Amino acid sequence: MTAAGPTLRVHAVEPRSRANGPGTRFVVWVQGCTLGCPGCFNPGTHDATAGRDVEVAELLAQLAASGAEGLTVSGGEPLEQAAGVLALLRGARAQGRSTLVFSGFALDELRARPLGPEIIAELDVLIDGRYVARERLGVGLRGSANQQVRLLTDRYAEADIAAVPEAEVRIGPDGAVVLSGVAPLPLRRR
Ligand code: SF4
């Protein structure tokens with residue numbers, strides 16, 4: 001009997017998004033965040049007991065099937081599930097996908113967290129920092145002006161980030177409307 005692989009507590013998955021990083025992206029919104037930014041767009045992701053457990057291997061199989069250019073991990077707070085996120089990022093890179101993480105932790109905080117340096121080493125793009133409502137921005141992948149987009153490899157240029165739409169609307173087969181991106185309208189957001 002083989003040991004179970006790493007899992008992630010997941011809020012939602014979108015196989016092909018264009019508003020959560022450059023190109024087409026497989027997006028995983030993790031479940032659970034303790035940072036409590038006032039005005040957070042995703043309060044439904046805060047409760048770490050909500051959502052569902054998904055094996056990282058299953059997410060990687062979905063990523064491979066999606067044909068997406070890259071993986072984006074958002075939340076919720078990815079660094080509060082560091083082991084699972086690290087396994088997911090490594091698996092994505094092994095598939096040749098680009099990697100991007102949205103974290104509410106600032107870069108210095110990330111470096112000091114368990115597995116923080118290892119996660120940073122697996123990223124092409126990091127957007128870091130709390131959401132600060134009074135500095136609301138909503139362009140270039142930044143929810144607020146204090147956040148920074150860090151190009152950690154040469155895979156993308158600033159023009160690639162600037163070309164990402166601020167929001168997208170997806171209408172599911174059941175008619176449900178889901179809005180995502182950094183400048184969503186007041187609809188349900190992932
Ligand atoms: S870090 Fe992100 S998910 Fe967590 S409270 Fe802040 S904006 Fe919301």
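**Exercise 1.** Locate Ala-4 relative to β1, and decide whether Ala-4 counts as buried or exposed.

*Solution.* Ala-4 sits in the segment that precedes β1; helices (H or I, at least four residues) and strands (E, at least two) are DSSP runs, numbered from the N terminus. Buried means under 20% relative accessible area, exposed over 50%, and partly exposed in between (1.4 Å probe, protein chains only). Ala-4 has 70% relative accessibility and therefore counts as exposed.

The model is predicted: local features need pLDDT of at least 70, side-chain atom pairs count only at pLDDT 80 or more, and totals for chains, interfaces and linings use all residues. Residues are numbered from 1 along each chain as its sequence is written, and side-chain values use heavy atoms, with hydrogens and water left out.

**Exercise 2.** Give the strand order of the open sheet of 7 strands, and state which strands stand at its edges.

*Solution.* The order is β3-β1-β2-β4-β5-β6-β9, with mixed pairing; two strands pair if DSSP finds at least two bridges between them. β3 (52–55) and β9 (148–151) each have a single partner strand, so one side of each lacks a neighbour in the sheet.

**Exercise 3.** Describe how β6 and β9 are joined.

*Solution.* β6 (residues 125–128) and β9 run antiparallel, with 4 bridges between them. Val-125 has Leu-151 as its bridge partner in β9.

**Exercise 4.** Find the strands that helix α1 touches.

*Solution.* Contact means heavy atoms within 4.5 Å. Helix α1 (residues 56–66) packs on the sheet and touches β1 (7–17), β2 (25–30), β3 and β4 (70–74).

Notes. Axes are lines fitted to C-alpha atoms, for helices over the stretch in contact, and angles run from 0 to 180 degrees between N-to-C directions.
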